[in-house]
Amino acid sequence: MATTSTTGSTLLQPLSNAVQLPIDQVNFVVCQLFALLAAIWFRTHLHSSRTSSFIRHVVATLLGLYLALFCFGWYALHFLVQSGISYCIMIIIGVENMHNPMMIITQKITSLAYEIHDGMFRKDEELTPSQRGLAVRRMPSLLEYLSYNCNFMGILAGPLCSYKDYITFIEGRSYHMTQSGEHGKAEIQYEKTEPSPNIAVTQKLLVCGLSLLFHLTVSKTLPVEYNIDERFQATASWPTKLIYLYVSLLAARPKYYFAWTLADAINNAAGFGFRGYDKNGAARWDLISNLRIQQIEMSTSFKMFLDNWNIQTALWLKRVCYERTSLSPTIQTFILSAIWHGVYPGYYLTFLTGVVMTLAARAMRNNFRHHFTEPPQLKLLYDVVTWAATQIAVSYTVVPFVLLSIKPSFTFYSSWYYSLHSAGILVLLLLPVKKTQRGKNIHENIQLSRSKKFDERENSLGQNSFSTTNNVCNQNQEVASRHSSLKQ
């Protein structure tokens, strides 16, 4: 029997018993599959071309609240209460200050608060290009606010999206394109044929199926907890410990791949997530994608891993913390991420360790990488070595995140003699560290946004002019590559 306590519906308890999975997990998967079907219906029957934005907002909100009620029972009222209170606070104080569904809603509330603050209470010249692009210039209505926070496409697993991108989708402006007029003197708005998300959705559902299969079979045979098994620690050689550490954490990732990719597919099925066309004219449906699996598994640096894992959360941390603090932004960003995740000590151990690993990896890369760019054989050797080092460092860092409790986490680190902690600290003490010139970067961004060249580059992308989030990311790719953002 897989009977467990739940605050949500027990209607699917027989299915839970049959598949031997907790009822809350079964409720989540079934609700997400229902959301997928609802998304297809939403795109075909409530398309923006024949349905008002008001109706789309109302339906998206009511379906979202129903899914929350099914999964979490009357605890779902917390979502509504939190959203309502936050809306009132934003109106009263002008947004001057300001579990999984609650985490997502927290991201959305704080993001929107800053976006309204930037759009209504700061001057344009004070903003970076990314802040200017995301700025909200008018207070959302209560319906728009609830729809953004509680829509059925993202209430259970996200991913986070910007308010402007969501409203653009609801209002049906996702396929309006911007093209330079003659001699670049004017801009012409025109509507391009709406692309079908079917291929993208099918591909993502295939990834979901493979990830779920891997999780239900292989992952259960490679528990992370075995890393602290007394017999394993006493008898296993160091190469065996290294290999098992990597393999066990590799096996722990598919459940995230499943949940995030399914959430992405649901949004795409509803018609949300279009990011324009690539250079070959193919539609891109990765506006709010949360991970890039190939880049994660082939990462050759700590930063590369973080840049491709839980992407939307990383952007949120960058926008609400990293870009807005002047004192130790990396440390403050990791601490905020730990607080956002919850109260388990393992989260804090992981993110504090992540600070050391991130800074040490940055120092190593800055001091040594340029020596290994040529010839190709030397670069290949460098890539192989850094891939292995990155995978071990990431696995070592996130073990407490999986173990959660403080005693097993310290047991693991003690069995490794805190070796990577010590190595990271030594690197920071012995190698020169380049200071991040955040003020200079912001100034460069502001100047860039004012230039004609910037406008021409934006137009030449041939992408959706309203896809705010990823247009901003593309425009700032070079500067953003210098920043280390936390990914879960």
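Helices (H or I, at least four residues) and strands (E, at least two) are DSSP runs, numbered from the N terminus. The model is predicted, so local features need pLDDT of at least 70 and side-chain atom pairs count only at pLDDT 80 or more, while totals for chains, interfaces and linings use all residues. Residues are numbered from 1 along each chain as its sequence is written, and side-chain values use heavy atoms, with hydrogens and water left out.

Select Ile 331, which is found in helix α16. Ile 331 is partly exposed, with a relative accessible area of 36%; buried means under 20% relative accessible area, exposed over 50%, and partly exposed in between (1.4 Å probe, protein chains only).

**Second stop: the largest core**

Select Phe 42, Phe 152, Tyr 166 and Phe 169, which touch the most other members among the 53 residues of the largest nonpolar core. A nonpolar core is a set of buried Ala, Val, Leu, Ile, Met, Phe, Trp, Tyr and Cys residues joined through side-chain atoms within 4.5 Å. Helices that each supply at least two residues of this core include α2 (23–45), α5 (101–121) and α9 (198–221). The largest share, eight residues, comes from α2.

Stay with Phe 42 and display its surroundings. Not counting residues up to four places away in sequence, Phe 42 touches His 47, Arg 56, Val 59, Ala 60, Phe 152, Phe 169, Ile 170 and Ala 270; contact means heavy atoms within 4.5 Å. Apart from this core lies another, of 19 residues, among them Tyr 256, Trp 260, Leu 291 and Tyr 347.

Is Ser 301 buried or exposed? Ser 301 is buried, with a relative accessible area of 10%. Its place is in the loop between α13 (293–297) and α14 (302–308). Ser 301 touches Arg 365 and Thr 390, not counting residues up to four places away in sequence.

**Last stop: confidence**

Colour the chain by pLDDT, the predictor's confidence in each residue, from 0 to 100. The protein chain averages a pLDDT of 85, and 80% of the residues score at least 70. Finally, select residues 446–466, over which pLDDT stays under 50.
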